[in-house]
Amino acid sequence: MAEPGDLEDLQNQLEELIGLIEDEGREPSWDEEDLIQELNDLIEMLQQEVVDVEEFMERRERLLDKDPALLSDGEIDSWERWRDESGSP
């Protein structure tokens, strides 16, 4: 799992690279374009991971409060399902 600072570090790297290219007033090289795409892909992946973790934690809190919700598939949330989907033992 990614650490909280990982996303910020990647965003900073991307901003620095784009800023350097803009400061030099030039188009990015092919290698720089590849790096920009790679950083964007990693950022997107980490953002999705953060959303997934937050969603599981919200579900956990609802279950602790004995306020289960109806899930997107029409089933009522349960501890068993939360455990299976979150990978918790």
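## Overall fold

Among contacts (heavy atoms within 4.5 Å) in the protein between residues at least 6 apart in sequence, 37% join residues at least 24 apart. The model is predicted: local features need pLDDT of at least 70, side-chain atom pairs count only at pLDDT 80 or more, and totals for chains, interfaces and linings use all residues. Residues are numbered from 1 along each chain as its sequence is written, and side-chain values use heavy atoms, without hydrogens and water.

The protein has 3 helices and 0 strands. Helices (H or I, at least four residues) and strands (E, at least two) are DSSP runs, numbered from the N terminus. Along the sequence the pattern is α-α-α.

## Burial and core

Of the 89 residues, 18% count as buried, meaning under 20% relative accessible area with a 1.4 Å probe, protein chains only.

The largest nonpolar core has 9 residues: Leu7, Leu10, Leu14, Leu17, Ile21, Ile36, Leu39, Ile43 and Leu46. Such a core is a set of buried Ala, Val, Leu, Ile, Met, Phe, Trp, Tyr and Cys residues joined through side-chain atoms within 4.5 Å. Helix 1 (4-23) and helix 2 (30-64) each give two or more residues to this core. Helix 1 supplies the largest share, 5 residues.

Leaving aside neighbours within four places in sequence, Ile43 is in contact with Leu7, Leu10, Gln11 and Leu14.

## Glutamate 32

Glu32 lies in helix 2. Glu32 is buried, at a relative accessible area of 15%. Not counting residues up to four places away in sequence, Glu32 touches Leu17, Ile21, Arg26 and Glu27. The Glu32 side chain also reaches the backbone nitrogen of Ser29 at 2.7 Å.

How values were computed
Buried < 20%, exposed > 50% of the residue type's maximum accessible area, 1.4 Å probe, protein only. Polar contact = N/O pair within 3.5 Å; in protein donor to acceptor, adjacent residues only side chain to side chain.
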